[in-house]
Amino acid sequence: MPDATFTRPDLTTFTRLDGLGLEVTGQLLEPDRSLLACRVVEPDDWCRRCGCQGVPRDTVSRELAHEPFGWRPSTLVLTVRRYRCKECSHVWRQDTTAAAPPRAKISRAGLRWGLVGIVVGHLSMARVAEGLGVAWNTANDAVLAEGRRLLIEDPTRLDGVKVVGVDEHVWRHTRRVTSTSP
Ligand SMILES: [Zn+2]
């Protein structure tokens with residue numbers, strides 16, 4: 001790679017969190033997993049109800065399973081700011097839907113990793129769950145839903161993939177995993 005241009009090492013871009021509206025603020029590396037502390041980049045401090053600027057009230061924590069790095073599950077620990085409106089007293093928290101849908105346990109990048117693992121890498125759902133560091137049911141429900149969303153409802157999202165074939169492939173893997181040990 002004689003013409004390669006290197007940039008400064010940056011954990012946020014390396015872990016692809018810039019695309020999820022997050023920035024890494026800390027890491028905790030354990031032998032079998034890693035935790036990444038993250039903050040939400042966009043302040044999101046304007047009141048959704050009356051449009052006035054809110055004041056920071058406190059923070060809440062949200063954990064998301066992320067794609068694994070080095071065969072080690074990565075968990076995101078988001079610090080999410082809560083604001084209170086000075087005018088109408090409305091309280092809200094920073095929007096984290098770029099990172100994951102509401103109430104989801106797996107980041108969008110983690111879901112994508114799982115889906116590509118199943119469809120392209122022929123991983124078992126058990127292996128995907130292990131990579132994400134979540135229960136089998138959690139991985140199965142979320143990855144299949146993501147597969148339906150990406151491959152069925154919007155077939156143009158993964159170019160060159162046959163929609164029906166991929167869907168059958170996902171389900172075939174699922175059945176195999178449930179009936180035999182991975
Ligand atoms: Zn307000």
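Student: Which residues are buried in H3?
Tutor: Met125, Val128, Ala129, Gly131 and Leu132 are buried in H3. Buried here means that 20 or more other C-beta atoms, placed from the backbone, lie within 10 Å of the residue's own; 12 or fewer makes a residue exposed, and anything in between partly exposed. Helices (H or I, at least four residues) and strands (E, at least two) are DSSP runs, numbered from the N terminus.

Student: Where do they sit around the axis of H3?
Tutor: They lie on the same side of H3, because they cover an arc of only 160° around its axis. The arc is taken over the directions from the helix axis to the C-beta atoms.

Student: What kind of model is this, and how are residues numbered?
Tutor: It is a predicted model, in which local features need pLDDT of at least 70, side-chain atom pairs count only at pLDDT 80 or more, and totals for chains, interfaces and linings use all residues. Residues are numbered from 1 along each chain as its sequence is written.

Student: Which residues of H2 meet H3?
Tutor: Gly110, Gly114, Gly117 and Ile118 of H2 meet Met125, Val128, Gly131 and Leu132 of H3. Contact requires C-beta atoms, placed from the backbone, within 7 Å.

Student: How are H2 and H3 oriented to each other, parallel or antiparallel?
Tutor: Their axes come within 10 Å and cross at roughly 155°, and H2 and H3 are therefore roughly antiparallel. Axes are lines fitted to C-alpha atoms, for helices over the stretch in contact, with angles from 0 to 180 degrees between N-to-C directions. Angles under 35 degrees count as roughly parallel, over 145 as roughly antiparallel, 65 to 115 as roughly perpendicular and the rest as oblique.

Student: What lies in the loop between H2 and H3?
Tutor: His122 lies in that loop, between helix H2 (108–119) and helix H3 (125–132). His122 is not a glycine, yet its phi is positive, at about 55°. Most residues other than glycine have a negative phi. His122 counts as exposed because it has 10 C-beta neighbours inside 10 Å.

Student: And what happens just after H3?
Tutor: Gly133 takes a positive phi of about 70° there.

Student: Changing topic, where is Asp44 found?
Tutor: Asp44 is in the loop between strand S2 (33–40) and strand S3 (54–69). Its phi is positive, near 55°. Asp44 counts as partly exposed because it has 17 C-beta neighbours inside 10 Å.

Student: How many helices and strands are there overall?
Tutor: The protein has five helices and five strands, in the order α-β-β-β-β-β-α-α-α-α along the sequence. Of its 182 residues, 31% are buried.

Methods: Two residues are in contact if their C-beta atoms, placed from the backbone, lie within 7 Å.
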